[in-house]
Amino acid sequence: MASFDLSGKTALVTGAARGIGFATCERLVARGARVAVIDLDQEACDAAAARLGEGRAIGIAADVTDRGSMQQAVARTVEELGGVDVVVANAGIAHKGATFRALGTETFDRVIDVNLMGVVRTVEAALPQIVARRGHVVVVASVYAFVNGIGTTPYAMSKAGVEQFGRALRVELAQHGAGASVAYFGFIDTEMVHKALDADPLAERLLAAVPKPFLKRLPPKEAGEGIVRGIERRQPRIIYPRRWTAYSVARGIVNPLLDTLMVRDAKTQAVLRDLDARAGEEQQTTA
Ligand SMILES: NC(=O)c1ccc[n+]([C@@H]2O[C@H](COP(=O)([O-])OP(=O)(O)OC[C@H]3O[C@@H](n4cnc5c(N)ncnc54)[C@H](O)[C@@H]3O)[C@@H](O)[C@H]2O)c1
């Protein structure tokens with residue numbers, strides 16, 4: 001029995017024009033919710049909203065790095081859909097791999113601004129609605145919240161921060177009858193993964209050390225369904241593929257061992273030398 005019935009509810013999802021965000025919207029609509037599709041480009045938002053069905057969704061262009069723009073997006077959702085019961089702070093970017101030493105400060109700052117502060121701004125704008133309606137918050141982290149972030153320090157740091165944010169929110173919101181979940185994904189088959197990993201031979205070499213089962217990719221619809229099920233059950237943690245749950249539980253023991261292994265592993269150190277040589281190269285992000 002679902003403890004949070006989504007039928008007739010309203011959700012605001014960021015980064016919703018494609019990937020995990022769009023798949024989450026599809027599953028929300030399938031449960032009878034109406035959604036505000038938030039993303040950078042108005043046309044992409046409108047196209048996504050149209051695919052979700054007449055009267056089921058509205059598209060609003062907003063940038064999670066802009067506090068005012070997020071507040072306006074929430075205000076428009078309240079005006080047009082009547083309120084916000086659920087917020088899914090999903091928008092995020094990855095970057096071309098490089099060591100921290102080689103990474104440009106602009107790329108570093110941008111990733112933190114979108115992935116960590118963007119989640120904070122999204123929740124902050126929606127929170128008065130969530131509290132008033134005893135709603136639910138989902139913050140999208142990653143297994144990089146607890147996997148060593150070599151080659152992608154700002155991404156991993158942002159996700160570890162998002163995890164802390166979501167955990168605290170869950171406990172702080174309990175007094176208001178509202179809830180919060182942290183979503184951790186391994187590898188989901190989206191444009192982010194295609195652009196940041198598949199297009200980069202060094203990323204492939206770095207991931208060669210990861211046991212194959214952990215590299216399994218799920219289609220976005222499974223991630224979206226996982227988020228929606230997590231909301232219905234007000235789950236503290238949403239982890240997909242599920243095999244990452246064991247790692248998350250064992251992280252306190254496994255991580256110090258793996259960190260030491262990586263310091264000593266010749267192949268890992270060889271890739272890191274190449275990632276260190278990327279200083280001064282153009283460093284694209286995935287959006
Ligand atoms: N794909 C994976 O394997 C994976 C794994 C773990 C976590 N995640 C996380 O899931 C979330 C969604 O990722 P995805 O794989 O669907 O990526 P994606 O690149 O396919 O989609 C991300 C969406 O966010 C939007 N976006 C980016 N910056 C924005 C901004 N400033 N304001 C508003 N929207 C913005 C993009 O335009 C894009 O539509 C991200 O937070 C990502 O870090 C993904």
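Reply: A term to settle at the outset is "buried", which means under 20% relative accessible area, with exposed being over 50% and partly exposed in between (1.4 Å probe, protein chains only). The model is a predicted one, in which local features need pLDDT of at least 70 and side-chain atom pairs count only at pLDDT 80 or more, while totals for chains, interfaces and linings use all residues. Residues are numbered from 1 along each chain as its sequence is written, and side-chain values use heavy atoms, with hydrogens and water left out.

Me: What makes C45 count as buried?
Reply: C45 counts as buried because its relative accessibility is 0%. C25 also has 0% relative accessibility and therefore counts as buried.

Me: How do you know that C25 is in no disulfide?
Reply: A disulfide is a pair of cysteine sulfur atoms within 2.5 Å. The structure holds 0 disulfides. For C25, the nearest cysteine sulfur belongs to C45 and is 9.6 Å away. For C45, likewise in no disulfide, the nearest cysteine sulfur is that of C25.

Me: Why is a set of residues called a nonpolar core?
Reply: The name applies to a set of buried Ala, Val, Leu, Ile, Met, Phe, Trp, Tyr and Cys residues joined through side-chain atoms within 4.5 Å. In soluble globular proteins, nonpolar side chains tend to be buried together. Here the largest nonpolar core has 56 residues, and I38, V137, V139, F146 and W244 have the most contacts inside it. Helix α4 (residues 105–132) supplies the largest share of this core, 10 residues. Helices (H or I, at least four residues) and strands (E, at least two) are DSSP runs, numbered from the N terminus. Another core, of 32 residues, lies apart from the largest one and includes A48, V140, V228 and Y240.

Me: Which residues is V137 in contact with, leaving aside its neighbours within four places in sequence?
Reply: Contact means heavy atoms within 4.5 Å. With those neighbours set aside, V137 is in contact with V87, V123, L127, I130, L169, L173, G179, A180 and S181.

Me: What makes T77 count as buried?
Reply: T77, found in helix α3 (residues 67–81), counts as buried because its relative accessibility is 0%. Neighbours within four places in sequence aside, its contacts are T10, L12, A36, I58, I60, G82, G83 and V84.

Me: Why is V120 called buried?
Reply: V120 lies in helix α4. Its relative accessibility is 18%, and it therefore counts as buried.

Me: Is D200 buried or exposed, and which residues does it contact?
Reply: D200 is buried because its relative accessible area is 4%. This residue is found in the loop between α6 (191–198) and α7. Beyond its neighbours within four places in sequence, D200 is in contact with K96, G97 and R278. D200 and K96 are 104 residues apart in sequence, yet their C-alpha atoms are 7.5 Å apart in space.

Me: What is to be noted about phi at R134, and about the peptide bond from Y240 to P241?
Reply: Most residues other than glycine have a negative phi, and most peptide bonds are trans. R134 is not a glycine, yet it has a positive phi of about 50 degrees. R234, also not a glycine, has a positive phi of about 45 degrees. The peptide bond from Y240 to P241 is cis, with omega near -15 degrees. P241 lies in the loop between β9 (237–240) and α10.
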